[in-house]
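Let's take a friendly walk through a protein and look at its charged side chains. Have the sequence and the 3D view ready, and follow along.

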Amino acid sequence: MSRSYTARRTPRHAGAAAWDAILGPRPPHAPLQGTETCDFAVVGGGFAGLSAARRLHQLAPQAKIALIDAGRIGQGASGRNSGFMIDLPHELTSDNYAGETKAQDRQVIRSNRAAIAFAAEAVDELGIPSGYFRRDGKVNGAACDKSHRQNLSYAAHLATLDEPHEALDAQAMYELTGSRHYLSGLYTPGTVMLQPAGYVRGLAAGLVRHIRIFEDSPVLSLDRGNGAWTLRSHAGELHAGQVIMATNGHLESFGFMRDRLMHIFLFACMTEELSPEALQRLGGAPCWGITPSDPMGTTLRRIGPEQGGNRLVTRSVATMEPGMETSPAQLRRAERVMRRKFADRFPQLAGVKMAHGWSGHLCLSRNHVSVTGRLDDGLFAACCQNGLGTARGTLTGICAAEQALGHESEITRFFATEQGPTRLPPAPLARIGANMFIRWREHQARSE
């Protein structure tokens, strides 16, 4: 029986992907042209897709594997990520990031650390620069009494899990960041700080010895017939025995999980390279990452030359867009908000310019589950990362590869326990209600 799935749209992003831009250009992989065949086709060249391709090669080294991406690897959603590969529970809808139960949190920690170990092995095996994968840990930063109490609550929860953590006072936060904005911080050592575009570019560069990679080749349709799949792009088609859809929220464009996925966009901006004088005015440590104690607050990173220059990155402002697209006007508004937040934290850097601004697409489900497993005969998903693309994307990619090969592991068993995404309210109501809630939460977290 033949089946066909046609993409209603192709991915579009506002602003250039700064993490990719600061690394400079690279030779692109050729687009799909003519007719190609493979045993496994992976759609999407982000954290999930590249992890799926690597796991497929590990388990079936003789298989012909092809990865196809709508754009350039490093310029899509993965290259717009803030680069926190977090090992601990990081539930974005929680007041303090903790999950519902300690048992669930312990399972999340084991899974996230498996993803980090998988990524660390890839860095060593494929020669990815170590600066793209820094074991710096991260800090939950609190700028008001309410957020400080949230830090205390999360620290108490971590203590019940026997997880290491360290409380930082205002002076310690100043010595770390050069900013007097923070009242306190909670340091946890297990987070890896990625150069996200560098990491996925490095994965692709290493894997191309074993797999075919096609860029600038959006998959326009998937057709099932005669026991195989045909993936069609603008200038070619790819015939595959099995397919892994590693497209996060874009999965809905093909008709899967309609009215069950929330499409959230976050905005970010990155400074120009800081001059020696600006670095002296800034002070603080050379590399660090801060997530806000209130999940609706502002994320900050400082990076160094090994990640693309001495720069500061600010991420804030969210919007739900079921059409999976943000406008230049939305980006301009977000940049104004982020510039104010930057000035509040670093008044000593008043003359520093923002060199890049962009939006990034997150996919969430109402009940916080991913979309993994079989979608159709020989068709598997590695999608819906719930805003945790680095670790969760890696895990869903591994899971989909193992499922496609009939391999069972703790990772496949972990995802097998999840129910499917629950249905959302009708689209207009969902968008209005979600954005009203986001604006209210952002107002509450305005100092964060």
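A residue is called buried when its relative accessible area is under 20%, exposed when that area is over 50%, and partly exposed in between. Keep in mind, too, that you are looking at a predicted model.

Arg134 and Asp136 form a salt bridge, and their closest N and O atoms are 2.6 Å apart. Is Arg134 buried, exposed or partly exposed? Arg134 has 25% relative accessibility, so the residue counts as partly exposed.

Arg212 and Glu36 meet through their side chains in a salt bridge, with a distance of 3.4 Å from N to O. Find Arg212 in strand β10 (residues 212-214) and Glu36 in strand β2 (residues 34-43); the two are 176 residues apart, so this pair links distant parts of the chain. Arg212 is partly exposed because its relative accessibility is 44%, and Glu36 is partly exposed because its value is 23%.

Next, look for Glu418 and Arg392. The closest N and O atoms of this salt bridge are 3.6 Å apart. Here too, the pair links distant parts of the chain: Glu418 sits in the loop between α10 (410-416) and α11 (427-444), Arg392 belongs to helix α9 (residues 389-404), and 26 residues separate them. Which side of the cut-off does each partner fall on? Buried means under 20%, so Arg392, with a relative accessible area of 10%, is buried, whereas Glu418, at 21%, is partly exposed.

Salt bridges can also join up into a group. Arg3, Arg374, Asp376 and Asp377 are linked in a network of salt bridges. How many salt bridges are there in the whole model? The count comes to 20.

Let's finish with charges of another kind of grouping. On the surface, Arg332, Arg333, Arg336 and Arg340 gather in a patch of positive charge. Arg333 has a relative accessible area of 36%, so the area condition is met, and the residue counts as partly exposed.

Terms used: Residues are numbered from 1 along each chain as its sequence is written. This is a predicted model: local features need pLDDT of at least 70, side-chain atom pairs count only at pLDDT 80 or more; totals for chains, interfaces and linings use all residues. Side-chain values use heavy atoms; hydrogens and water are left out. Patches are made of residues with over 30% relative accessible area and no salt bridge: like charges are joined within 9 Å, nonpolar side chains (Val, Leu, Ile, Met, Phe, Trp, Tyr) within 5 Å. Accessible areas come from the Shrake-Rupley method with a 1.4 Å probe; for residues, only the protein chains shown count as cover. A salt bridge is a side-chain nitrogen of Lys or Arg within 4 Å of a carboxyl oxygen of Asp or Glu. Lys and Arg count as positive and Asp and Glu as negative; His and the chain ends are not counted. The place of a charge is taken as NZ of Lys, CZ of Arg, CG of Asp or CD of Glu. Buried means under 20% relative accessible area, exposed over 50%, partly exposed in between (1.4 Å probe, protein chains only). Helices (H or I, at least four residues) and strands (E, at least two) are DSSP runs, numbered from the N terminus.
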